[in-house]
Amino acid sequence: MAASGRAQVLALYRAMLRESRLFGAYNYRTYAIRRIRDAFRENKNAKDPVEIQTLVNKAKRDLGMIRRQVHIGQLYSTDKLIIENQEKLKT
């Protein structure tokens with residue numbers, strides 16, 4: 001992978017994680033973060049430029065979907081789960 005392609009993929013990875021942390025619902029947030037990490041780890045050894053570009057395009061579409069879902073989630077607030085309150089006490 002070229003250096004610029006690697007930088008683009010890493011920037012996309014960070015952007016997806018950053019957006020996923022904005023999910024209001026704990027279950028959506030943890031699922032999205034876990035799924036993003038797993039997907040990037042699964043495809044980290046991809047060498048074919050066409051396959052890499054396909055994966056990057058899919059990740060960009062997924063980033064847009066995450067942004068939309070976060071926005072929709074912010075319209076409908078929910079109570080925090082007990083586990084979320086315990087995490088704040090630990091940190």
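Helices (H or I, at least four residues) and strands (E, at least two) are taken as DSSP runs and numbered from the N terminus. The structure described here is a predicted model, in which local features need a pLDDT of at least 70 and side-chain atom pairs count only at pLDDT 80 or more, whereas totals for chains, interfaces and linings use all residues. Residues are numbered from 1 along each chain as its sequence is written, and side-chain values use heavy atoms, with hydrogens and water left out.

The confidence of the prediction, expressed as pLDDT (the predictor's confidence in each residue, from 0 to 100), averages 89 over the protein chain, and 90% of the residues score at least 70. Among the elements of the chain, the highest mean pLDDT, 95, belongs to helix 2, and the lowest, 71, to helix 4 (residues 82-90).

Helix 3 comprises 27 residues, and the distance between its end C-alpha atoms, 39 Å, agrees with the 39 Å that it should span at 1.5 Å a residue; the expected span is 1.5 Å times one less than the number of residues.

Two salt bridges are present in the structure, each defined as a side-chain nitrogen of Lys or Arg within 4 Å of a carboxyl oxygen of Asp or Glu. In one of them, Glu19 is paired with Arg67, and the closest N and O atoms are 3.7 Å apart; this pair links distant parts of the chain, since Glu19 belongs to helix 1 and Arg67 to helix 3, 48 residues apart. Glu19 counts as buried at 18% relative accessibility, whereas Arg67, with a relative accessible area of 44%, is partly exposed. Asp62 and Lys58 form a salt bridge in which the closest N and O atoms are 3.0 Å apart, and because these two residues are four apart in helix 3, about one helical turn separates them. Asp62 counts as partly exposed at 22% relative accessibility, and Lys58 is likewise partly exposed, at 40%.

Pockets were located on a 1 Å grid over the protein atoms alone, a pocket being an open set of points where a 1.4 Å probe fits, with protein on both sides within 12 Å along at least five of seven lines, and lining residues having an atom within 4 Å of a point. Grid points are joined across faces, edges and corners, and a volume is the space filled by probe spheres set on the points. The largest pocket has a volume of about 890 Å³. It is lined by 30 residues, of which Met16, Ile36, Ala39, Phe40 and Ala59 are the closest to its centre. At least two residues of this lining are supplied by each of helix 1 (3-20), helix 2 (26-42) and helix 3 (49-75). With Ala, Val, Leu, Ile, Met, Phe, Trp, Tyr, Cys and Pro counted as nonpolar, Asp, Glu, Lys and Arg as charged, and the others, Gly among them, as polar, the lining divides into 20 nonpolar, two polar and eight charged residues.

The second largest pocket has a volume of about 330 Å³, and of its 17 lining residues Gly24, Ala25, Tyr28, Gly73 and Thr78 are the closest to the centre. Helix 2 and helix 3 are the elements that give two or more residues to this lining, and helix 3 gives the most, with four. The lining of the second largest pocket consists of seven nonpolar, seven polar and three charged residues.

Further positions relate parts of the chain that are separated in sequence. Gln8, in helix 1, is partly exposed at 33% relative accessibility, and its C-alpha atom lies 8.6 Å from that of Val56, 48 residues away in sequence. Tyr76, in the loop between helix 3 and helix 4, counts as exposed at 61% relative accessibility; Tyr76 and Gly24 are 52 residues apart in sequence and 9.1 Å apart in space, C-alpha to C-alpha.

Notes. Buried < 20%, exposed > 50% of the residue type's maximum accessible area, 1.4 Å probe, protein only.
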